Every structure is written in C-alpha cells, then in structure tokens.
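Here is a short tour of one protein model, written for someone who likes to see the numbers next to the picture. Have the viewer open as you read.

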Amino acid sequence: MDRKQWIVDAAAKSFSLFGYKATTMDGVAKIANVGKGTIYTFFSNKEELFGHIMNRMIEEMKTVAEEAIDEQLPFFDNLYNALERLLDFREEHELALKLSQEVREIGTPMAVDALNVIERAVVGYIAERVRTAVEKDDIRPCEPEMTAFVMLKLYMALAVDWKKTHDPLGKDEVAKQLRFYLEEGLTRN
C-alpha cells in the first residue's frame with residue numbers, strides 16, 4: 001500500500017474515532033506512522049484531507065444504493081430499497097455516526113457541512129432516479145430535486161423521527177406508508 005493510502009486510511013480512522021474537531025494532522029501522522037510533513041505532500045490541510053474522505057464515503061454510498069436497484073422492479077420498490085440501504089449504511093458507517101454525534105453535541109461547522117454534503121449527494125442520486133422514471137413515464141412529471149428532497153425527508157420521518165415519540169415502524173410498514181403517501185396519495189378516486 002502506498003503512503004497516501006495509509007494517510008487516507010489513518011485519517012478516516014481518526015475522524016471516525018474522534019470526530020472532525022478533535023482530529024489533528026499530528027494524530028493522523030501517528031496513526032499512519034508517517035511524519036506530519038508526509039501528509040502535506042498529499043494534502044494541503046485538514047479540510048482537504050477530510051474532503052477527500054467525504055468524497056470516498058459518498059462514492060461508497062452511491063455504490064450501496066446502486067446495488068439495491070433492480071431494473072425489473074417498479075420505481076417505488078427501487079426507491080424504497082435504495083433508501084433503506086442508504087439508511088443502513090449511515091447507521092453502520094463509523095464516520096457518519098461520529099459526524100452526527102459531533103453535530104448533536106458540539107455543532108462543529110465542518111461536521112454540519114459534511115452532513116449537508118451527504119444529504120445533497122443522496123438527494124442528487126434520488127433526483128437522477130426520478131428524472132429517469134419521468135422519462136420512462138413511470139411517474140408523473142415533477143421537479144426532480146424537490147421531489148427527491150421530499151422523498152428523502154418523508155422516508156427519514158417514517159424510519160427515524162417517528163420512533164422518537166411512537167412505537168417504531170417495521171421496514172415493511174415504512175415501505176407501505178412511503179408507497180401510500182408518494183404513490184397513492186390522499187385524494188379519493
């Protein structure tokens with residue numbers, strides 16, 4: 001493995017264990033077992049190194065979402081499958097968990113920005129799927145980014161926020177409610 005990869009892996013470990021605020025270039029150098037100057041041959045500062053790691057995590061998320069897609073399934077089945085896998089990823093990925101914790105406890109601006117970057121990436125991914133579904137005439141024409149935002153927020157409300165004050169919904173019930181509100185709607189036919 002090359003030194004740059006050691007540094008990236010060490011930094012990912014440090015950010016995952018200590019968060020953005022408590023991670024230092026000295027700490028990353030110690031974990032990577034390289035001199036601090038070696039880090040600066042690849043990354044000009046902590047923000048650039050963190051951005052590299054965030055981009056890598058977003059690519060991993062896209063891969064996870066793509067693996068959930070089955071072109072033979074209807075749009076809403078694929079939407080639910082991708083959202084479920086993305087939520088699982090977020091709940092299992094150490095860096096995503098640490099960033100969420102840091103935002104709750106400290107409100108570190110870079111951690112807040114990182115979570116916003118993740119959300120924008122997920123919304124962008126869903127928006128592309130929405131555009132494709134509109135082109136295939138699988139769903140009605142709509143503004144893709146806004147629709148993707150609403151879809152993500154509704155899913156998060158059902159899967160995460162609901163259980164803060166109610167009995168948690170099972171995965172099948174979340175899928176059923178998502179389908180009800182997004183596909184069927186409230187209007188009587």
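## A word on contacts, and the overall picture

Two residues are in contact when heavy atoms of theirs lie within 4.5 Å. Please keep in mind that this is a predicted model.

The protein has 9 helices and 0 strands, so its pattern along the sequence reads α-α-α-α-α-α-α-α-α. Along the principal axes, the C-alpha atoms occupy a box of roughly 70 × 40 × 25 Å. The protein has 189 residues, and 40% of them count as buried. Among contacts with a separation of 6 or more, 63% join residues 24 or more positions apart.

## Where α1 meets α4

Let us begin with helix α1, residues 3–22, and helix α4, residues 46–67. Their axes are 10 Å apart, and the two helices pack at an angle of about 95 degrees. That angle falls in the range from 65 to 115 degrees, which makes α1 roughly perpendicular to α4.

On the α1 side, the contact is made by Lys4, Gln5, Ile7, Val8, Asp9, Ala11, Ala12, Phe15, Tyr20 and Lys21. On the α4 side, Lys46, Glu47, Leu49, Phe50, His52, Ile53 and Arg56 take part. Sorted by class, the contact of α1 with α4 has 9 nonpolar, 2 polar and 6 charged residues.

## Aromatic pairs

How many aromatic pairs does the count come to? The count is 6, for ring centres within 6.5 Å. One of them joins Tyr20 and Phe50, with 4.9 Å centre to centre and 65 degrees between the planes. Since planes over 60 degrees apart count as edge-to-face, the pair of Tyr20 and Phe50 is edge-to-face. Tyr20 lies in helix α1 and Phe50 in helix α4, so this pair ties together parts that are 30 residues apart in sequence.

Phe15, Tyr20 and Phe50 form one aromatic cluster. Phe180 and Tyr181 form another edge-to-face pair, at 4.9 Å centre to centre and 80 degrees between the planes. Phe180 is partly exposed, with a relative accessible area of 27%, and Tyr181 is partly exposed at 41%.

## Where α5 meets α9

Helix α5 (residues 75–92) packs with helix α9 (residues 171–184) at an angle of about 130 degrees, and their axes are 10 Å apart. The two helices are therefore oblique to each other. The crossing of α5 past α9 is right-handed.

From α5, the residues in this contact are Phe76, Asp77, Leu79, Tyr80, Leu83, Glu84 and Asp88. They meet Lys171, Asp172, Val174, Ala175, Leu178, Arg179, Leu182 and Glu183 of α9. By class, the contact of α5 with α9 has 8 nonpolar, no polar and 7 charged residues.

Glu84 sits in helix α5. With a relative accessibility of 16%, Glu84 counts as buried, because the cut-off is under 20%. Setting aside neighbours within four places in sequence, Glu84 is in contact with Tyr155 and Lys171.

Ser100 belongs to helix α6, residues 94–105. Ser100 also counts as buried, at 17% relative accessibility.

## Two loop residues with positive phi

Most residues other than glycine have a negative phi. Asn33 has a positive phi, near 60 degrees, and is not a glycine. Asn33 is found in the loop between α2 (25–32) and α3 (36–42), and counts as exposed at 70% relative accessibility.

Asp137, likewise not a glycine, has a positive phi of about 65 degrees. The loop that holds Asp137 runs between α7 (109–135) and α8 (144–161). Asp137 is exposed, with a relative accessible area of 66%.

Terms used: Residues numbered from 1 in each chain as written. Predicted model: local features only at pLDDT ≥ 70, side-chain atom pairs only at ≥ 80, totals over all residues. Heavy atoms only, no water. Axes fitted to C-alpha atoms, helices over the stretch in contact; angles between N-to-C directions. Helix = DSSP H or I, 4+ residues; strand = E, 2+ residues; numbered from the N terminus. Parallel < 35°, antiparallel > 145°, perpendicular 65-115°, else oblique. Nonpolar A, V, L, I, M, F, W, Y, C, P; charged D, E, K, R; others polar. Left-handed = near helix turned anticlockwise from the far one by under 90°. Phe/Tyr/Trp six-rings, centres within 6.5 Å; stacked < 30°, edge-to-face > 60°. Buried < 20%, exposed > 50% of the residue type's maximum accessible area, 1.4 Å probe, protein only.
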